[in-house]
Number of protein chains: 2
Amino acid sequence: MDAAKESLALSADGLAVEIIDQTKLPRKLEVIRLSEPTEFFEAIHKLKVRGAPAIGVCAALAISVFAKRALKKDPAISSLTLANYLTEQALYLESSRPTAVNLDWALSQMLDCIKTASHLSAPKLQETLQRRALEIYEDDISRCRKIAEAGFPLIKESMGILTHCNAGRLATVKYGTALAPIYLAHERGISLKVYADETRPLLQGARLTAFELTQAGIDTMVLCDSMSSILMSEGNIDMVIVGADRIAANGDSANKVGSSNLAIVANYYKVPFYVAAPASTIDLSARSGKEIPIEMRDQEEVRSMWYKEPMIYTRAQIFNPAFDVIDASLITGFILDSGLITQDFKEGLAHAKR
Amino acid sequence: MDAAKESLALSADGLAVEIIDQTKLPRKLEVIRLSEPTEFFEAIHKLKVRGAPAIGVCAALAISVFAKRALKKDPAISSLTLANYLTEQALYLESSRPTAVNLDWALSQMLDCIKTASHLSAPKLQETLQRRALEIYEDDISRCRKIAEAGFPLIKESMGILTHCNAGRLATVKYGTALAPIYLAHERGISLKVYADETRPLLQGARLTAFELTQAGIDTMVLCDSMSSILMSEGNIDMVIVGADRIAANGDSANKVGSSNLAIVANYYKVPFYVAAPASTIDLSARSGKEIPIEMRDQEEVRSMWYKEPMIYTRAQIFNPAFDVIDASLITGFILDSGLITQDFKEGLAHAKR
């Protein structure tokens, strides 16, 4: 795997997934191998691999890895035993993070594949699963490329673009979602400046977005999440682009906590606000944001995680939702692999999902 | 000085100011002594003492300390030499932080006092200055008490109140500004819940507000600055109260960066947003927020200050304004020592300042 371009890949022997350990950035660009179910669960839960598209792809590859390892351990395993084992592991991985629908989506793709191919021999089943996982992998790359093309026309010379969290190449296999049009514009010689919210509490903007953009030679400035109003009031921001973890049928979009605050501030200053995502992020079964489950995470992420010492007196409580929901009315448009949607979100999203 | 009640005081011998070193909180409640001009400058600049009212009081007491020390060092010092020396030190301290007008205000009170009393002998001048500084000190306590009374009627049983930064007892001599009505309501048996923005980058909410409120037995929950939208969307916040560092004649109010974002979000959810401050925070010479200077601070506060290691790749730039300006149109009312203003801000502020 080329860690300068890809954030994860199936290992050459098919027995592991290689990922950039994102908890080590920006200090160290380290690639680790995941092979056991508990390793995948922990990697997803602890955000070693993160970003809605990337965790979907990672989970799909994980099922392929589990199949190959099970077959290696017991070459005589029956197709039924293998299918049951893999189904169980898929449900286990699904519980690692509740908000991003791509994880559900990728695992249900693999579960469908298990069902459809369960009449085959165990080796054939394994081959089929590996093929399907690699399709999902390649599909992510191609969808991000299409998102880049769909968003590209929005970007003009010398723009200031603000983003929240990391929806860049590290959040996908390659290219990214929110950052994909930015990379494409940069490739095509358009000069722009990206403002990256640091994104508390896990600092994905500070640690990851600033890292990947500056490495690509793009002019990048980090701000605290609370500093967007002053930037917008001074006219520095021409557009906001963020990713999404789940888009409801009406356009309400769950994304990293703070996205909703940012959308409200952008709306106040009349700065266009776009959500970029592949179709796998759309969840038509959620009619609105009210039906999207919001993951609550450990208080220590806010109190002490990065610090030399705990920053909050022990008697105080801490609120730590991982996501919030951007109301559809605050969204200017969706930058999807199927193209740009700037009106009739409900119809457009239903169409894109088909 | 009783560090459980006061955040700063003139030492018994008048030769130093004792302050709680706020950079050590919440780990340690440590009182330090300031006596040399460079110690005061550094304490204010590095936020060992902070909060617009507290730094004003601290600077006033500093001038009294410098006078007493100069006289101790040279009992034969002339009144003129002393006055010149003190004037010079006042200008030096004024440059330690540009946004909070209370620092200017307190120092100009002391400068006026130097001028008026310069015909006296040096010992008499020193006595006069100490008396004036202690008046400013007592005045801060009494103004905060009046702010508490002015804001108290707004608070109802079981309210959720959100605040940003620290405008509590640690930001003043005693009681606080934004937190003063909350303390008073708590004293009077009203149960409420305070939500404290952690307040990046210097974490005054996490470190200081959560500390002082929980120590006082008030139910407190810390959130990241980006989490107010989700709380408000769920109906948890009935009111926002923040302090101010400078209030322009039209009501635009400079306060800790992020206050403007918060006011925009509160406005979106129709949550009342109040600014609490003593009259010394009003600067009628600034017609609007555009005329308030905004202090830019060191990038390392965002990149590395509290962390085990730097969190932002070295090639990325960092934006770090210390304040932003809340547009007057987003403010429901001002809680001042002279009472509550909820309309005709311009007239009300001009009247309060008189």
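## How the two domains of chain A meet

In this predicted model, the centres of domain 1 of chain A and domain 2 of chain A, taken over C-alpha atoms, lie 26 Å apart. The contact draws 30 residues from domain 1 of chain A and 44 residues from domain 2 of chain A. As for where the boundary falls, the domain assignment of chain A places domain 1 at 8-146 and domain 2 at 147-353.

| Quantity for domain 1 and domain 2 of chain A | Value |
|---|---|
| Area buried between them | about 3,100 Å² |
| Share of that area on carbon and sulfur atoms | 56% |
| Salt bridges across the interface | four |
| Residue pairs in polar contact (both at pLDDT 80 or more) | 25 |

Let us look at the domain 1 side. A:T99, A:C144 and A:R145 lose the most area to domain 2 of chain A there, and together they make up 23% of what that side buries.

For the charged pairs, A:R97 forms a salt bridge with A:E295, and their closest N and O atoms are 3.0 Å apart.

Which elements give two or more residues to the side of domain 1 of chain A that touches domain 2 of chain A? They are α2 (52-73), α4 (101-117) and α5 (122-151) of chain A. With seven residues, α5(A) gives the most to that side. Sorted by class, the side of domain 1 of chain A that touches domain 2 of chain A holds 17 nonpolar, six polar and seven charged residues.

Note on methods
Residues numbered from 1 in each chain as written. Chains lettered and ligands numbered in written order. Predicted model: local features only at pLDDT ≥ 70, side-chain atom pairs only at ≥ 80, totals over all residues. Heavy atoms only, no water. Domains from an automatic or database assignment. Contact = heavy atoms within 4.5 Å. Buried area = accessible area lost by both parts, 1.4 Å probe. Salt bridge = Lys/Arg side-chain N within 4 Å of Asp/Glu carboxyl O. Polar contact = N/O pair within 3.5 Å; in protein donor to acceptor, adjacent residues only side chain to side chain. Helix = DSSP H or I, 4+ residues; strand = E, 2+ residues; numbered from the N terminus. Nonpolar A, V, L, I, M, F, W, Y, C, P; charged D, E, K, R; others polar.
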